[in-house]
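Student: I would like to learn how to read the contacts between chains in a model. Could we go through one case together?

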4 protein chains.
Amino acid sequence: MIIQLKQDITDAQKEALIAEVNQIGYKITEVKTQLGDYLVGIGKKDFDIRRIGKKEGIEDIHIVSDEYKLVSKKWKAKPTSIDLGNGIFIKDGDMAIIAGPCSIESEDQIRKVITHLKENNIKMMRGGVFKPRSSPYAFRGLGIDGLKLWYDLAQEANIKIVTEVMQVSQIEEMYPYVDIYQVGARNTQNFNLLDELGKVDKAVMIKRGISGTIEELLQSAEYVFSGGNEKLILCERGIRTYEKASRNTLDLNAVPILKAKSHLPVIVDPSHGIGIRAYVPQMALSGVMSGADGIIYETHEIPEKAYSDGQQTLDFAQSALLTDQIRKTFALRKTFALL
Amino acid sequence: MIIQLKQDITDAQKEALIAEVNQIGYKITEVKTQLGDYLVGIGKKDFDIRRIGKKEGIEDIHIVSDEYKLVSKKWKAKPTSIDLGNGIFIKDGDMAIIAGPCSIESEDQIRKVITHLKENNIKMMRGGVFKPRSSPYAFRGLGIDGLKLWYDLAQEANIKIVTEVMQVSQIEEMYPYVDIYQVGARNTQNFNLLDELGKVDKAVMIKRGISGTIEELLQSAEYVFSGGNEKLILCERGIRTYEKASRNTLDLNAVPILKAKSHLPVIVDPSHGIGIRAYVPQMALSGVMSGADGIIYETHEIPEKAYSDGQQTLDFAQSALLTDQIRKTFALRKTFALL
Amino acid sequence: MIIQLKQDITDAQKEALIAEVNQIGYKITEVKTQLGDYLVGIGKKDFDIRRIGKKEGIEDIHIVSDEYKLVSKKWKAKPTSIDLGNGIFIKDGDMAIIAGPCSIESEDQIRKVITHLKENNIKMMRGGVFKPRSSPYAFRGLGIDGLKLWYDLAQEANIKIVTEVMQVSQIEEMYPYVDIYQVGARNTQNFNLLDELGKVDKAVMIKRGISGTIEELLQSAEYVFSGGNEKLILCERGIRTYEKASRNTLDLNAVPILKAKSHLPVIVDPSHGIGIRAYVPQMALSGVMSGADGIIYETHEIPEKAYSDGQQTLDFAQSALLTDQIRKTFALRKTFALL
Amino acid sequence: MIIQLKQDITDAQKEALIAEVNQIGYKITEVKTQLGDYLVGIGKKDFDIRRIGKKEGIEDIHIVSDEYKLVSKKWKAKPTSIDLGNGIFIKDGDMAIIAGPCSIESEDQIRKVITHLKENNIKMMRGGVFKPRSSPYAFRGLGIDGLKLWYDLAQEANIKIVTEVMQVSQIEEMYPYVDIYQVGARNTQNFNLLDELGKVDKAVMIKRGISGTIEELLQSAEYVFSGGNEKLILCERGIRTYEKASRNTLDLNAVPILKAKSHLPVIVDPSHGIGIRAYVPQMALSGVMSGADGIIYETHEIPEKAYSDGQQTLDFAQSALLTDQIRKTFALRKTFALL
């Protein structure tokens, strides 16, 4: 059960409310986000919600039977809209395009990508400065200095920055320079990181785990939300299966399911989802038709020379073409009714 | 290596050719289909193809390094077109729609489906009369009598019949009544069945195995082709993974990969691919954008009353809407260039 | 629900019984095996079993809530013992050893294997004469002639024959020469084959599907049992997963689970389960400790020269050592209590 | 390539060595552990190792073609022995037993477990004080205070402590109280945590990822080793597959493969590996026969009342019996030769 509290609830009213819920045998967690104060009640017994609902100080109350609570559509039917400022949003009924290289490499590289984005009216740029790598001997990214460099150039161009945060200690140092913190597929269940991102007032995009379930992705989002941060975006990026003809198995089934279960926006990453440059466009457009609210893909001036993931990275001509096709596909999708 | 023989090749020329290939250390399989005679050479050594190519009696010759040979695009770049008669095709550059119930149930049910198909200009009907069921106690279909009944009604309406064949002994009895033999996901590696379907001059649609690889699907098609039947269609219908929020994991990555590796048409089955009625349309449209040459889905007048698979079956209103959306999405896709 | 009928039940008594069960809303399947006559009732409603139990003509009656019925331990707590004649059994509380080559290749090969088996007191020999192969161009086995040759040599030596049947038409031709029909991993859900094997009075060993569930394996056994054949053996042989460091992932968890759910004996195949010769012994011994009733593994005089699966085949010295270790491990296991 | 440096190597010799390696086109990472100084060279070109080997200052040099280097058996054939003091080891040729509850709950619970361990001569105790939980609302462990309490009681009894570390900031606060830091399955690829554990001089046990490959587990160990800590233990604890009859699929194939690829000791966790109490013993004993150097399992006075994982936790009677069986099985295994 979730109870949203009135802003002017008194301490006495709140105590009475908590006592009432405890009496049913439910455990209370208090959640305070930038947008509201909630009591999340966890328990299994049936009870009459009207008994609680008539208490004072309640803005809204719902029974949520899912394991995740605050991110559930049963709590909040209205889709969450992520406002990044300057009229840039990630939200239901819109098609966010986020493009950029796997790794941030140099000033020259950043400038070229930004020019490409501006030419194609793309307003969000992805890129890694902290790179999770299977091998300790591989390139691990330019780090915070790379991010600062990128920030200066992106600011000028009014481009938003989406980049991965790998550990708690990076959150604060990255804060001034990032618009969306990305939680990578290897960190989807790094619960301490999620806890700490709950304390931040910037958007967080959580990628589905390497072999994470849809349920686990929602639970991970619940960590951030219950930590205090409602600005959440979910990302389907392919799962690990026995099939080795592609890097991962892009699970587009997850898109309508996530959209039905949660009020959070859902983004598709076709680059990691298939891992083969020539087929990224088809998977991006499939992602649009699956109901996604945005597409995030990798692009680089010369993919063959990229520091990482070159095999799945589009060159600028392919990227420009794809962006146009995404928009046309989304325009068609908007005309479609669902029965 | 594949050598297509000239129609007027002499026995002496053929023997000389085989001797030459054997000398390189390659094993020869002779393949005779309705469309041509081939020698398939299997081996691993490098050799100078010109040495063989200059022999007499050769129509065409190619080295094919894939494990599958005759179904490979390296052998035949031109897409295979399946001609079902009366101007009905399944082919690259077209969008086949195949709809119908999971199980054929009764004359009344068939009539209603056919009426629905005619109203929506759908020319191919799916339906099971032999049903593979995990439990021996479940409904196993109406059998050959159901197929005859269906045939009579479909003939009248000029509707083509797509239905599953489960075992060798059914091939002959089904022959007069079927337009496309479907090989189900549990029989993708039933090699005897594939062998025998190679001897038939009707189209065969092979579904990907429950947890079959893309490579195995192509090898299974190679069985039918090398058995003598080139009229082959591949079908992606979802694979088994750890994710249980959907019935299967629809692997749309497979579509562009199959299209790139093989000259055969590729169909997507969103009904089995996700297994949840409300999300079948999104997956169907995603399938169109992934590059599929057709969509096969389940529809029934009253899905809740269907003998099987009701939970993933569209009602007629949903089906009509989806058909329209598939066509519009395909029309848009045709305007898209690929870089 | 399962009702075992008395041998002297009258037609009138049986009809009355069926009528009673139908009245509860349960669907009846009559099953007649070599050992007994049963009525299997399928339905979901609760009912008072005493109401049926007091009817005449009943030998035994149980409610079985599992999807599979006759193979369930809820029906029959006493383990099934497979009697192959000449004092050779596969049964709970014993350790069957089945060894032999992947493919039957020649008289000389068979003789050498048999000599090796005799020297090590192994009484059952595996070997393929019909080989399911992914590629139509691979060696498909010596066929029925190979089986006859093998049979003559095995007879002399009092060695039992375990070999794969791939299709319905082979059942009859193989019948005189086979002691255990093996259903391969690609045919676990070839329901027609299972149906027909139900009509045979020889033992059937069913391998778990390539990515089959434990539940599906039991359902497949139910097919054969309900077809009339109670002589069933289950075999864990590894499943398909994302891990590619081994050929398959041997799922030894399946052994105690199958033993708890079913009264049928369970065999482990470490050769396919890991697919790497050097580690087959460890997996065989692990299989013994997991509670298996037998081990089936591949051995060949010169594994490097085997027609198939050489990489996972033991030579005779390794095989002799392993057999001794299996027996010692089993002897130790028998001294262990379970709490 | 790995070069172990002589302890008395001069700066000039080292610079000359690095220059030589760079000239081949290899990138050098310097690794300094508690036990030695190494240069790890990463590159793909062939080269003549004698050219480098004859330089001065080299203790040992090997080409290691694996992706992981320092943990590879190609580098160090001699098995790594983990010395925990007081004659307690985890090492090849020995059978470590680690038992204890899923969560540390109370002083009383700890005392009871320790008494049980002492009675059975078990010298290492597992238990969680920081618990990774899918849901933010679940019990997350007693934290550092629980660890201190545990430490006091364990010290007295000369019991070693194995417990999970979830994040970088916990490493230091846990340091005085822990004998083996456990990296959980959700953190196997938490590279920052691995980096920091490289700086510690206490043993680290790395669990295989939820769906981690064997290769990835070794790469994760390489992170810690190359960070400076050679005291590493690998743990197989089951992987995620489509099979839902067990909690995870215990992949015992991994044990002989890991033992062959690496010099590090390998432990098996049957509790998480199957997740069902009644079958934990069989899987533990299978683990012993697979070649493991130790078994880690969950035990609690009253499993039904455990705060977490009760369904897979043994009671003390089962634990005592299992310990005895593990030792007998291991004693038998030691008598076995491998061919």
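Tutor: Start with the size of an interface, which is often given as the accessible area lost when the parts come together. Here chain D and chain B bury about 340 Å² between them, 77% of it on carbon and sulfur atoms; buried area is the accessible area (1.4 Å probe) that two parts lose on being put together, summed over both. In chain D, Arg240(D), Tyr242(D) and Lys244(D) lose the most area to chain B, together 96% of what that side buries. This is a predicted model, in which local features need pLDDT of at least 70 and side-chain atom pairs count only at pLDDT 80 or more, while totals for chains, interfaces and linings use all residues. Residues are numbered from 1 along each chain as its sequence is written, chains are lettered from A and ligands numbered from 1 in the order in which they are written, and side-chain values use heavy atoms, with hydrogens and water left out.

Student: How many residues of chain D are in contact with chain B?

Tutor: Four residues of chain D touch four residues of chain B, where contact means heavy atoms within 4.5 Å. All of the interface residues of chain D, 100%, are also interface residues in chain B, so the copies meet through the same surface.

Student: What do chain B and chain A bury between them?

Tutor: Chain B and chain A bury about 3600 Å², 68% of it on carbon and sulfur atoms. In chain B, Tyr242(B), Asn253(B) and Leu339(B) lose the most area to chain A, together 19% of what that side buries. The contact involves 43 residues of chain B and 43 residues of chain A.

Student: How many salt bridges cross each interface?

Tutor: A salt bridge is a side-chain nitrogen of Lys or Arg within 4 Å of a carboxyl oxygen of Asp or Glu. Between chain D and chain B there are zero; between chain B and chain A there are two. Glu243(A) and Arg208(B) form one of them (2.7 Å, N to O).
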